[in-house]
Amino acid sequence: MPQQDIVKIAIQMPGAYPQLIQLDQKKPLSAVIKEVCDGWNLPGPDNYALQYADGVQTYITESGRCAEDLYKGIQSSDSGVRCDSLKQLACVSTDVTFAQEFISRDGHSLLVKIVEDADEAPLIMTHTLTGFMELMDHGIVSWENLSAVFIKKIANFVNAKVLDASIQQVSLAILESMVLSSSSLFQQVKQEVTLERLLSHLQVTNQQIQTKAMALLMALLQTAGDADRQVRMNIIHSSASVGDEMAHYLYVLQSVTLNHLEPRMRMPLDSYNQDQREILHGLRQAAFETESENSLSHERRRSLCAKEFKKLGFSNNSNPGQDLLRAPPGLLALDTMAYFASRYPDAYSRFVLENSSREDKHECPFARSSIQLTLILCEILRIGEPPSETGSNYHPIFFSQDRLLEELFCVCIQLINKTWKEMRATQEDFDKVTQPVLPIIHLSKHVRLSFLKHYFVEMLF
């Protein structure tokens with residue numbers, strides 16, 4: 001009875017009679033070529049290769065044999081053979097030569113079909129997805145050729161609340177590659193993957209899943225348009241230490257999100273913009289209880305407004321918008337002042353009233369201080385700078401609430417006022433007054449907002 005691994009094949013060479021040999025498929029290809037060369041008395045078997053005579057006349061390589069064997073093994077009716085074949089495929093698919101051979105047999109379509117059917121055991125599915133990812137990484141096949149059914153299946157693996165961790169990990173990586181490959185796939189993935197589920201992956205103890213989820217979230221944020229980037233970060237830090245890769249993703253996420261503030265930072269106040277004028281006058285009205293302005297004459301109202309804008313610390317009290325033409329910090333300075341006034345009205349009123357009662361030369365000008373402080377914060381937070389490829393310096397405080405810039409401003413502007421009062425400072429001392437602010441900002445890289453506020457309250461009182 002002939003052995004299963006022995007087959008008879010004919011080998012031709014120009015100018016020589018064909019050989020009919022018994023090919024032992026378990027032998028290395030190099031040993032087979034040496035035997036053929038010995039049959040024809042050809043020296044240097046390393047200089048020869050086998051080539052298919054029919055069809056596409058490609059050269060036969062070890063990769064080709066391996067690809068053919070795994071292609072057949074994946075289709076076996078024996079689940080053990082299928083699992084072993086897929087496991088081996090996941091390992092050898094990192095080799096580009098093998099990948100070309102396997103894909104030329106349309107082997108990647110077999111993997112897609114396994115995923116679309118989604119009825120295999122978790123271990124088989126993990127090997128299938130890993131092999132597929134390795135094959136796609138070579139760029140031989142376009143991601144855009146994938147079906148909507150396949151994309152939905154991968155997204156379902158990510159969205160599932162109970163699923164094998166290995167499957168979810170590689171599924172997150174596949175979706176990341178899809179998002180980065182084209183805008184159309186970005187739209188499909190964005191529709192299929194829920195933000196709530198993605199954020200929940202950032203809160204698990206499995207750091208590999210955390211990292212892959214962060215990578216996908218970053219891909220979505222960086223590919224998205226401005227309207228799609230309004231993502232509320234509610235990441236809860238685990239007690240486990242953050243790895244280098246995760247630290248980089250956190251840094252990039254922080255950088256990308258903070259850079260949404262750049263347009264406001266680059267834009268000077270437009271005195272013809274009704275909304276901006278209303279915010280500016282809202283600062284004055286929140287600080288002072290004035291008689292009804294509607295009952296005043298035009299000249300009396302202008303005089304009163306100029307007096308109050310002077311108390312607020314604007315240099316150009318008759319036309320305070322002129323102070324906000326400097327960009328940066330541009331409209332961000334108006335935003336930070338308005339945030340402080342609305343979020344902490346008592347502290348805002350106390351700041352303004354305290355300085356209204358001081359001697360002119362010892363007043364801490366709220367507006368001028370705010371504009372300069374906002375500029376300092378923009379520089380320290382690197383707003384407007386693209387994230388570096390190796391950066392990992394992020395602020396944990398950023399992930400505990402939505403308004404890092406504004407909240408830091410609120411803490412620091414009060415510290416400036418406290419320091420100004422203690423130093424009996426004048427305008428010439430501004431740089432000295434801002435020095436205590438810098439440790440507060442750098443402290444924010446290591447603590448949460450609640451501790452930072454507690455720290456400041458202890459200093460203030």
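The model is a predicted one. Its 461 residues form 22 helices and 4 strands, and a search of the whole structure turns up 16 salt bridges.

**Overall picture**

- Buried residues make up 46% of the 461 in the protein.
- Looking at contacts with a separation of 6 or more, 69% are between residues 24 or more positions apart.
- The protein has an accessible surface of about 24,100 Å², and carbon and sulfur atoms account for 50% of that surface.

**Helix α7 and its neighbours**

- Helix α7 covers residues 148–159, which is 12 residues. From first C-alpha to last, α7 spans 16 Å, close to the expected 16 Å at 1.5 Å a residue.
- The buried residues of α7 are Phe-150, Ile-151, Ile-154, Ala-155, Phe-157, Val-158 and Asn-159.
- Which helices do the buried residues of α7 pack against? Their partners are α5 (107–117), α6 (122–136), α8 (165–181), α9 (183–192) and α10 (195–201).

**Gln-168, a buried polar side chain**

- Gln-168 sits in helix α8, one of the helices that the buried residues of α7 pack against.
- Is Gln-168 buried or exposed? Gln-168 counts as buried because its relative accessibility is 5%, and the cut-off for buried is under 20%.
- The Gln-168 side chain comes to 2.8 Å from the backbone oxygen of Ala-160.
- Leaving aside residues up to four places away in sequence, Gln-168 touches Phe-157, Val-158, Ala-160, Leu-163, Arg-197, His-201 and Ile-209. Two residues in that list, Phe-157 and Val-158, are also among the buried residues of α7.

- As a reminder, side chains of opposite charge can pair when their charged atoms come close.
- Asp-335 and Arg-264 meet through their side chains in a salt bridge, at 2.7 Å from N to O. This pair links distant parts of the chain, 71 residues apart: Asp-335 belongs to helix α16 (residues 331–343) and Arg-264 to helix α13 (residues 262–266).
- The two partners fall into separate burial classes: Asp-335 is buried, because its relative accessible area is 18%, while Arg-264 is partly exposed, because its relative accessibility is 29%.
- Arg-284 and Glu-308 form another salt bridge, with their closest N and O atoms 2.8 Å apart. Here too the pair links distant parts of the chain, with Arg-284 in helix α14 (residues 274–287) and Glu-308 in helix α15 (residues 298–311), 24 residues apart. Both Arg-284 and Glu-308 are buried.
- Arg-343 pairs with Glu-407 in a salt bridge whose closest N and O atoms are 3.8 Å apart. This pair links distant parts of the chain as well, 64 residues apart, from Arg-343 in helix α16 to Glu-407 in helix α19 (residues 404–423).
- Arg-343 is partly exposed, because its relative accessible area is 43%, whereas Glu-407 is buried, because its relative accessible area is 4%.

Methods
Residues are numbered from 1 along each chain as its sequence is written. This is a predicted model: local features need pLDDT of at least 70, side-chain atom pairs count only at pLDDT 80 or more; totals for chains, interfaces and linings use all residues. Side-chain values use heavy atoms; hydrogens and water are left out. Helices (H or I, at least four residues) and strands (E, at least two) are DSSP runs, numbered from the N terminus. Buried means under 20% relative accessible area, exposed over 50%, partly exposed in between (1.4 Å probe, protein chains only). Contact means heavy atoms within 4.5 Å. Accessible areas come from the Shrake-Rupley method with a 1.4 Å probe; for residues, only the protein chains shown count as cover. The expected span of a helix is 1.5 Å times one less than its number of residues. A salt bridge is a side-chain nitrogen of Lys or Arg within 4 Å of a carboxyl oxygen of Asp or Glu. A polar contact is a pair of N or O atoms within 3.5 Å; within protein, one must be able to donate a hydrogen and the other to accept it, and residues adjacent in sequence count only if both atoms are side-chain atoms.
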